[in-house]
Amino acid sequence: MSVLFVCLGNICRSPLAEGALRAEAARLGLDLIVDSAGTGDWHAGEPPDERAQRTALRHGVDISGLRARQVRASDFRRFRHVIALDHDNLSHLRKLAPPDATAELSLLLDHVEGREGQPVADPWFGDEAGFDITWAEVTAAARALAARLHSARGVALRNSTEAAP
């Protein structure tokens, strides 16, 4: 199972989502490949925004080792789920996806009951409080997504066990 989170520059929302899902997967004992990327390349190689790092760290998650990168065509085959943080990035991903893409595309908040179709708040132009709002949104989505993946994993394991002689 693999998940790629995508926002514009890969220094605020998507690394926060990556950190939140990694933490939730660890809590559940779920073996996941989790990464993040941006549709733009302006910040390639840079760590997450310092405000994002501080916000995550206040919640016990260290994202300081992450580095921004741009989404690649191979990501659409490497990852099972490519999840955009807003509508503009989802639209961009649909245009970037190669014909042989196998990834499921969605918005992050599509995975939170009652929040379907909504974008994750972009904290870039605001203060620390905006990052707290974004953290709350990506954490809620990470919990819902991890629970769904954990449940799907259990069904797959049961089905493979049932098929065994």
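## A parallel sheet and its helices

Asp75 sits in helix 3 (residues 75-78); helices here (H or I, at least four residues) and strands (E, at least two) are DSSP runs, numbered from the N terminus. With a relative accessible area of 0%, Asp75 is buried, where buried means under 20% relative accessible area, exposed over 50%, and partly exposed in between (1.4 Å probe, protein chains only). Setting aside residues up to four places away in sequence, Asp75 touches Leu4, Arg69, Gln70 and Val82; contact means heavy atoms within 4.5 Å.

A word on the model before going further. It is a predicted one, in which local features need pLDDT of at least 70 and side-chain atom pairs count only at pLDDT 80 or more, while totals for chains, interfaces and linings use all residues. Residues are numbered from 1 along each chain as its sequence is written, and side-chain values use heavy atoms, with hydrogens and water left out.

Four of them form an open sheet in the order 2-1-3-4, with parallel pairing; two strands pair if DSSP finds at least two bridges between them. Strand 2 (33-38) and strand 4 (104-107) are at the edges with a single partner strand each, so one side of each has no neighbour in the sheet. On average, and ignoring direction, neighbouring strands of this sheet are turned by 25° against each other; axes are lines fitted to C-alpha atoms, for helices over the stretch in contact, and angles run from 0 to 180 degrees between N-to-C directions.

The pairings can be set side by side, each with one pair of facing residues.

| Strands | Bridges | Facing residues |
|---|---|---|
| Strand 1 and strand 2 | six, parallel | Val3 and Val34 |
| Strand 1 and strand 3 | four, parallel | Leu4 and Val82 |
| Strand 3 and strand 4 | four, parallel | His81 and Glu104 |

Helix 4 (residues 87-96) packs on the sheet, where it touches strand 1 (2-7), strand 3 and strand 4, and its direction makes about 165° with that of strand 4.

In the loop between strand 1 and helix 1 you will find Asn10. Asn10 has a positive phi of about 65° although it is not a glycine, and at 2% relative accessibility it counts as buried.

### The cores

The largest nonpolar core has 33 residues, and those with the most contacts inside it are Phe5, Leu16, Leu21, Leu108 and Val138; such a core is a set of buried Ala, Val, Leu, Ile, Met, Phe, Trp, Tyr and Cys residues joined through side-chain atoms within 4.5 Å. Strand 1, helix 1, helix 2 and helix 5 each supply at least two residues of this core, and its largest share, eight residues, comes from helix 5. Beyond its neighbours within four places in sequence, Val138 is in contact with Arg13, Leu16, Ala17, Ala20, Leu85, Leu108 and Val120. A second, separate core of 12 residues includes Val71, Phe76, Ala103 and Leu107.

Ala17 lies in helix 1 (residues 13-28) and is buried at 1% relative accessibility. Not counting residues up to four places away in sequence, Ala17 touches Phe5, Leu108 and Val138. Ala144, in helix 5 (residues 128-163), is partly exposed, with a relative accessible area of 26%. Apart from neighbours within four places in sequence, Ala144 is in contact with His111 and Val112.

Helix 2 (residues 50-58) has Arg51, Ala52, Gln53, Thr55 and Ala56 buried. Just after helix 2, Gly60 takes a positive phi of about 80°.
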